[in-house]
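Student: I would like to learn how to read a single residue in a model, and then the whole chain around it. Where do we begin?

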Amino acid sequence: MMRAPRILAALILLACCARLSASPVKRPNIIILVADDLGWNDVGYHGSDIRTPAIDRLAKTGTQLDRFYVCPICSPTRAGLLTGRYPHRFGLRDTVIPPWRKFGLDLSEQTLPEVFASAGYERRACIGKWHLGHYKRAYHPIERGFTHFYGHYNGAIDYFTHLREGERDWHRNFEPSADAGYSTELLGEEAVRFIKDSREGEPFLLYLPFNAPHGPLQAPRKYLDEYGYRENGGSFTKKKKKAGAKDDYGARGQGNRKRQTFAAMVTAMDAQIGRVLETLDSQGLAENSIVLFFSDNGATLKIGGSNKPLPGAKHSAQEGGVRVPAIIRWPNGLTGSRRLDTLMGYIDVLPTLLGLVGGKAPGGGKPLDGLDLSGVLRGQAVASPRTFYLGQKAVISQQWKLIGGRLYKIDTDPTEKKDVGSENPAVLKHLSRELERFEKLAGKVKVAPYGSGRENFRAPADWRIEAGAEKK
């Protein structure tokens, strides 16, 4: 007599379990943090003298990507990050997009925020440095898939006044913003606001490309003091003052030395990354948020950055110019506290993030050059052999690097000391053919040299992009 109720109860339990198992998995939030000109030896977890506790926290709790590669300069890396494609396909490789350039990220390219819009991410913010075109409205971040923009269009703005070419380059969506303050801190504040505005069960995409520690070298006094700033000690552009002379730190933010100022800028940026991480914690979002951090290229040595022990710097395809600090953390989905030496890079970000969230690329997009390495990050797969194009006559694989006709066993010789081409003719021949194949992918359009068109250029008032701007 008791069997029927028990059977009925069991059937109800099975039905409930079925409904639970069929319910959609909660998609993670995505936060992409990009530093500007941060070198291999400019983060604490690599043994730097610069204090980066927030980045070090990510490194300790996440996966350190020890073989993460980018372009030697800014705009191309950002273009490849947002498209998953090598930027020389659409005209970007050897230089950035300067203020006077009538050029931008190819409008026929599908972008990361557009792809994630199709994957159900309704809130998609770009907060920081754009640097992918500002000549006409069609190049604007809002027109390229983001739903919110806050920051600046150009590189190398003044950190305090936000001026570039005599006009203030600071914006909220399409309109100029009068917000005052140190740019790194303003970006951090906006990122925190964006995260706090998130809604339960609705994942967001936050792309936070800082302009730090790119020049001009400027830091808030409180961070300079952390690195021993001395009043009346002069700056790296001014002679030491006489005893008793009034300190004129002022708005320029220059410290006594370049490395000191650079370090203060990095720590200031790290503090804002810390605020982002703390906000994820306080909002109960940390466990199901993917946080990816990396630099857009290696450090510029002449302004105080360091890539030691890697050779080369920004503008170079040597390791110091293209191999950068990188970390990914997702407590709910990835095993933390480990180092991964798998070759990967900026073009892999789009397909890999999409793979992690279980999304599919919408139809109509162009073939991606990047690979979905989500299985590798999860520890469920081993990366297939590949050759990765670095530009400047350079390609790299997991074991080898060809640059300028020289072959290095890069997995054991990251400082590029010994040319082993004569000892490995088959490898040299293979990578030479790969290099030739990659260079044939270059499109017909190319960005003009950096200074071309600068003469007689006058920036628009407040760097405003009018809706009726030229359509060419």
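Student: Is Asp 42 buried or exposed?

Tutor: Keep in mind that this is a predicted model. A residue counts as buried when its relative accessible area is under 20%. Asp 42 has a relative accessible area of 0%, so it is buried.

Student: Which side chain is joined to that of Asp 42 by a polar contact?

Tutor: For polar contacts, look at pairs of N or O atoms within 3.5 Å. Here the partner is Arg 259, and the side chains are joined at 2.8 Å.

Student: Which residues is Asp 42 in contact with, leaving aside neighbours within four places in sequence?

Tutor: Among them are Ser 48, Ile 50 and Thr 52, and also Arg 259, Phe 262, Val 266, Ala 299, Gly 305 and Ser 306.

Student: How do I read contacts for the whole protein?

Tutor: Consider the sequence separation of the partners. Of the contacts between residues at least 6 apart in sequence, 71% join residues at least 24 apart. As for burial, 56% of the 472 residues count as buried.

Student: What radius of gyration does the protein have, and what would a compact globule have?

Tutor: A compact globule of 472 residues would have a radius of gyration near 23 Å; the protein has 24 Å, which agrees. The C-alpha trace spans about 100 × 60 × 50 Å along its principal axes.

Student: How many helices and strands does the protein have?

Tutor: There are 11 helices and 18 strands.

Definitions and conventions:
Residues are numbered from 1 along each chain as its sequence is written. This is a predicted model: local features need pLDDT of at least 70, side-chain atom pairs count only at pLDDT 80 or more; totals for chains, interfaces and linings use all residues. Side-chain values use heavy atoms; hydrogens and water are left out. Helices (H or I, at least four residues) and strands (E, at least two) are DSSP runs, numbered from the N terminus. The radius of gyration is taken over C-alpha atoms; the globule rule is 2.2 Å times the number of residues to the power 0.38. Buried means under 20% relative accessible area, exposed over 50%, partly exposed in between (1.4 Å probe, protein chains only). Contact means heavy atoms within 4.5 Å. A polar contact is a pair of N or O atoms within 3.5 Å; within protein, one must be able to donate a hydrogen and the other to accept it, and residues adjacent in sequence count only if both atoms are side-chain atoms.
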